[in-house]
Amino acid sequence: MSDGFDRAPEQARPLRAPPSSQDKIPQQNSESAMAKPQVVVAPVLMSKLSVNAPEFYPSGYSSNYTESYEDGCEDYPTLSEYVQDFLNHLTSQPGSFETEIEQFAETLNSWVTTDDALQDLVELVYQQATSIPNFSYMGARLCNYLSHHLTINPQSGNFRQLLLKRCRTEYEARDEAAKGDEATRKRFHAFVLFLGELYLNLEIKGTNGQLTRADILQVGLRELLNALFSNPVDDNLICAVKLLKLTGSVLEDAWKEKGKTDMEEIIQRIENVVLDANCSRDVKQMLLKLVELRSSNWGRVHATSTYREATPENDPNYFMNEPTFYTSDGVPFTAADPDYQEKYQELLEREDFFPDYEENGTDLSGAGDPYLDDIDDEMDPEIEEAYEKFCLESERKRKQ
């Protein structure tokens with residue numbers, strides 16, 4: 001596909017060969033040859049570049065993927081190879097998602113025409129999203145796009161339904177996985193974080209056509225947190241912290257809309273773990289930081305209130321974007337001062353947005369050019385003496 005990839009030109013542009021030695025030495029008659037010794041010029045090698053030279057590709061460039069992708073999937077023997085190649089490409093170049101996902105989905109629609117092919121596609125995407133570090137977010141975005149753009153809808157279920165069915169297989173083994181060995185827990189944690197990204201990114205059309213999140217994933221994340229806190233070893237607790245940082249604010253808002261107190265129960269459970277669990281000091285600090293984050297509304301500053309409802313009492317950033325002035329004594333004069341609005345409005349009316357005033361309110365609208373007047377003012381004796389010392393020191397350093 002041409003989008004996102006800049007193909008090398010079909011032919012390398014040949015460089016003009018330097019003129020040969022014969023071109024550089026003018027023809028001389030016999031007399032001039034007798035008068036001046038002929039200068040011998042070393043022959044210049046002709047360029048070996050050719051218009052028939054093969055195309056140049058940068059080191060590490062995979063022309064096989066680009067060419068076959070542009071031509072659809074004709075050069076791939078199997079669907080798995082084509083999909084895996086695209087997933088690997090997306091992993092290494094996540095910024096290409098927007099420009100290439102449409103072509104990828106169109107190609108899949110021409111190839112994925114059976115239940116087995118759709119099952120294979122789901123498994124490939126799931127494995128990439130749960131086995132490659134940092135691909136869970138991109139994998140969730142990919143799943144959301146394919147769930148809306150793949151046209152195949154077999155009796156076994158569409159892409160989204162098969163994906164959720166695949167996730168359910170891992171979900172049902174959550175308690176055993178949380179108690180398993182280190183490798184088992186690591187795979188389980190990757191699944192948990194992918195499910196968190198899926199909850200945030202997977203859009204489902206409601207009965208009225210509006211896009212909503214999948215409630216089944218909301219319930220699933222709650223149970224996964226229970227499994228992690230029920231086995232409070234360090235890596236399980238770290239996974240729980242990551243999941244709550246990722247989804248905590250959205251989960252709490254959803255639970256509050258339904259009148260549930262699930263987040264309160266989770267926070268209480270965290271506090272019990274900090275007091276009783278035999279986890280490391282660093283993990284306990286992470287849990288306490290999470291409780292602190294939640295107490296600050298997950299880092300959101302009054303996100304639920306409108307701008308007009310904000311006041312100096314309930315919003316610490318209320319005056320953040322207002323200009324700051326200074327009195328003649330150098331004391332800051334901000335919007336928090338009671339007389340600010342009156343004085344500020346007076347300045348605006350007099351200055352017409354400060355054409356003749358400095359920012360601190362000093363009047364520069366007197367006779368003459370105010371900037372030249374400032375330059376012509378005599379220096380204070382102490383400043384003049386310091387300036388002279390500065391000039392002498394600079395001159396001495398320059399001579400050295």
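Is Arg187 buried or exposed? Arg187 counts as exposed, at 56% relative accessibility; here buried means under 20% relative accessible area, exposed over 50%, and partly exposed in between, using a 1.4 Å probe and protein chains only.

## Ground rules

This is a predicted model, so residues are numbered from 1 along each chain as its sequence is written, local features need pLDDT of at least 70, side-chain atom pairs count only at pLDDT 80 or more, and totals for chains, interfaces and linings use all residues.

Arg187 sits in helix α10, residues 182-201. Helices here are DSSP runs of H or I with at least four residues, strands are E runs of at least two, and both are numbered from the N terminus. Arg187 and Thr130 are 57 residues apart in sequence, yet their C-alpha atoms are 7.3 Å apart in space.

## Helix α14

Helix α14 covers residues 281-295, 15 residues in total. From first C-alpha to last it reaches 21 Å, close to the 21 Å expected at 1.5 Å a residue (the expected span is 1.5 Å times one less than the number of residues). Val283, Leu287, Leu290, Val291 and Arg294 are its buried residues. They sit on the same side of α14, because they cover an arc of only 100° around the axis; the arc is that of the directions from the helix axis to the C-beta atoms. As background, an α-helix has 3.6 residues a turn, so residues three or four places apart point the same way.

Turn to the face away from that buried side, and you'll find the exposed residues Arg281, Asp282, Lys289 and Ser295. The buried residues of α14 pack against α12 (234-257) and α13 (262-276), with contact meaning heavy atoms within 4.5 Å. Just past the end of α14, Asn297 takes a positive phi of about 60°.

## Helix α13

The buried set in α13 is Asp262, Met263, Ile266, Ile267, Ile270, Val273 and Val274. Looking down the axis, these fall within an arc of 135°, so they line one face of the helix.

Leu275 and Asp276 are the exposed residues on the face turned away from the buried side of α13. The buried residues of α13 pack against α11 (215-230), α12 and α14.

## A buried arginine

Arg222 belongs to helix α11 and is buried, with a relative accessible area of 12%. Its side chain makes a polar contact of 3.0 Å with the side chain of Glu265. A polar contact is a pair of N or O atoms within 3.5 Å; within protein, one must be able to donate a hydrogen and the other to accept it, and residues adjacent in sequence count only if both atoms are side-chain atoms. Setting aside neighbours within four places in sequence, Arg222 is in contact with Trp255, Asp262, Glu265 and Ile266.

## The nonpolar core

The largest nonpolar core has 77 residues, and Leu108, Leu198 and Ile270 touch the most other members. Helix α12 gives the most to this core, with ten residues. A nonpolar core is a set of buried Ala, Val, Leu, Ile, Met, Phe, Trp, Tyr and Cys residues joined through side-chain atoms within 4.5 Å. Not counting residues up to four places away in sequence, Ile270 touches Phe229, Leu244, Leu287, Leu290 and Val291.

## Cysteines

How many disulfides turn up in the whole structure? The search finds zero, a disulfide being a pair of cysteine sulfur atoms within 2.5 Å. For Cys167, the closest cysteine sulfur is in Cys143, 7.6 Å away and too far for a bond. Cys167 is buried, at a relative accessible area of 3%, and Cys239 also counts as buried at 3% relative accessibility.

Terms used
Heavy atoms only, no water.
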